[in-house]
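Please read the points below with the sequence and the model open beside you.

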Amino acid sequence: MKITETISRVLLASLLLISIHTLLPAAQTDAQQDMNSSIDSYVESFLKEHRIPGASVILVRGQDTFYAKGWGVTGDSEEKVTPDTPFSLGSISKSLTGLAVMKLIEEGSVNLEDPVQTYLPWFTLQDKQAAAQITIKHLLTHASGLSTYTGLNISDKGAKDSDAIKNNVKSLSDVKLTASPGEIYQYSNANFLILGALIEEITDQTYSDYMEQQIFKPLGMTHTAADSDVAYEKGYEAGYQSWIGISHKSNIPYDNGGAPYGYIAASANDMAKYIQFLTKQQPGSILKEESIDQLYSPLLQTKKDRYYGFGWRITDDPVPSNKMIWHSGSTPDSHAEIFFFPETGWGGAILTNKNHILEETALLYLKKGIINLVNSEEPPTIPDNRPIIQLVLLGSVILLFMVTVFLIIKLRRGNVLRKRAWRLISALFLVLSVAIIPLLIFNTKSPWHAIQMFSPDVALLTSLICFLLACSGILSVFISFRTKFIYPQKTSV
């Protein structure tokens, strides 16, 4: 009887174990499907609200890709987007340039604390002495003294030649630093442009060839490129620019001279391989583990709990699992995000083919939403896509057009009005027409070229406002000279 009872218990326990092992994968699969469905819904709602024509999202954990999907279409050909579709990475390119520099450091070809002129003897600035003090570390951490304005001023030129990087760096020879090297953090494309030239000088290769042979191929990044010819061969297409919130196909050319800071093109699947390399999940790595750690070590503090590494932003947190390594990337017709958590080994990338400077912060919400959904948390509300600034500018254009028409009618009728008032009005109109664009450049710390590239609707509407103000000012001058000044007549009592 006891033997029978024991056998029964053993059988029951075995059945329970079999049931648990059978149901557990099914439960995990259901949970994964639910999460994927939630991400699908959230991303699709975001893309619809922000009118983004094409996007790709990939999420990895360890060596596994647990989410990969493309939406919408590419630019010119309007091909369906897949996880293999290349997108411009924008400033995420800086981290790949930082990786190349780290490889040279590990090989002993470069020293982090050496002055740039050790390797680029022809590099100089307006202040020769200050140029000699800029180190490799200063460039990597945006502490060289080169301003954001300087970086934007030499960016997005659409250069096609293979010497574009070197020529761009040489154009800095008349630039004045806005701070001493090592003094403050100033995010500038110019820093990583110089690093690109340094890579070319040391390796005696073009930046594109070196990256292809020493970085992309070893990491298995088969849909990644650092020059226009190769990028287009691998399927890259220009994206879309936003005009008052509506997507329009871009004619912005790929910029060979901008690859080190913002014009590397890559697919979501390649971003997955990149993240797996960074989290040390890729066999046969091109760097030692300690060198990989140094890529996103906090070299320079930029804000509270925010640091900068080798082309990476580091958001620190008291909870180790919440420490996030990330970077955003923008070109005039694309926007991207990459992030990963070293403690837990998971991360992801979001690639989109539309951009506008006033819409860039929205993608941070999409990133946060995806992270929350993976962590079984509530995602943030998707921000509205309301081009309020552009609509205000458009309203100003319409109002000024009506004022101009009114002034033309007044001029033709030749009504008698006071000269002084009209001359004051004309002076105000003319001063505003001349001052608005310089004030916009000053307040945004961006050259007019960059404003035109990253917010073409704002640039056009602002130009129209200035033109109409100038027209109104000139018309007011003519009116003031055509009319007679009449003193008010006294009435007799």
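1. Two strands pair if DSSP finds at least two bridges between them, and the helices (H or I, at least four residues) and strands (E, at least two) are DSSP runs, numbered from the N terminus. This is a predicted model, in which local features need pLDDT of at least 70 and side-chain atom pairs count only at pLDDT 80 or more, while totals for chains, interfaces and linings use all residues. Residues are numbered from 1 along each chain as its sequence is written, and side-chain values use heavy atoms, with hydrogens and water left out.

2. With those terms in hand, look for the open sheet of eight strands, whose order is S2-S1-S12-S11-S10-S9-S8-S7 and whose pairing is antiparallel. Strand S2 (64–72) and strand S7 (300–303) stand at its edges with a single partner strand each, so one side of each is left without a neighbour in the sheet. On average, and with direction ignored, neighbouring strands of this sheet are turned by 20 degrees against each other; axes here are lines fitted to C-alpha atoms, for helices over the stretch in contact, and angles run from 0 to 180 degrees between N-to-C directions.

3. Within this sheet, strand S1 (residues 54–61) and strand S12 (residues 346–352) run antiparallel and are joined by seven bridges, and Arg61 has Trp346 in S12 as its bridge partner. Helix H13 (residues 362–374) packs on the sheet, where it touches S1, S2, strand S10 (324–331), strand S11 (334–341) and S12, and its direction makes about 35 degrees with that of S11.

4. S7 and S8 form a hairpin with two residues between them, and Asp305 in the turn has a positive phi of about 60 degrees.

5. A three-stranded open sheet has the order S5-S4-S13 and mixed pairing, and its edge strands, S5 (246–249) and S13 (354–355), each pair on one side only.

6. Which residues touch the most other members of the largest nonpolar core? They are Leu96, Leu99, Ile136, Tyr274 and Phe277, out of 85 residues, and helix H7 (residues 189–203) gives the most to this core, with eight residues. A nonpolar core is a set of buried Ala, Val, Leu, Ile, Met, Phe, Trp, Tyr and Cys residues joined through side-chain atoms within 4.5 Å, where buried means under 20% relative accessible area (1.4 Å probe, protein chains only). A second, separate core of 27 residues includes Met35, Met324, Leu366 and Ile371.

7. Leaving aside neighbours within four places in sequence, Ile136 is in contact with residues including Val101, Tyr119, Leu195 and Leu198, contact meaning heavy atoms within 4.5 Å.

8. The largest pocket holds about 1,200 Å³ of space. On a 1 Å grid over the protein atoms alone, a pocket is an open set of points with protein on both sides within 12 Å along at least five of seven lines, whereas a cavity is a set of points where a 1.4 Å probe fits but cannot get out; lining residues have an atom within 4 Å of a point. Grid points are joined across faces, edges and corners, and a volume is the space filled by probe spheres set on the points. S10 supplies the largest share of the pocket lining, five residues.

Key. Buried < 20%, exposed > 50% of the residue type's maximum accessible area, 1.4 Å probe, protein only.
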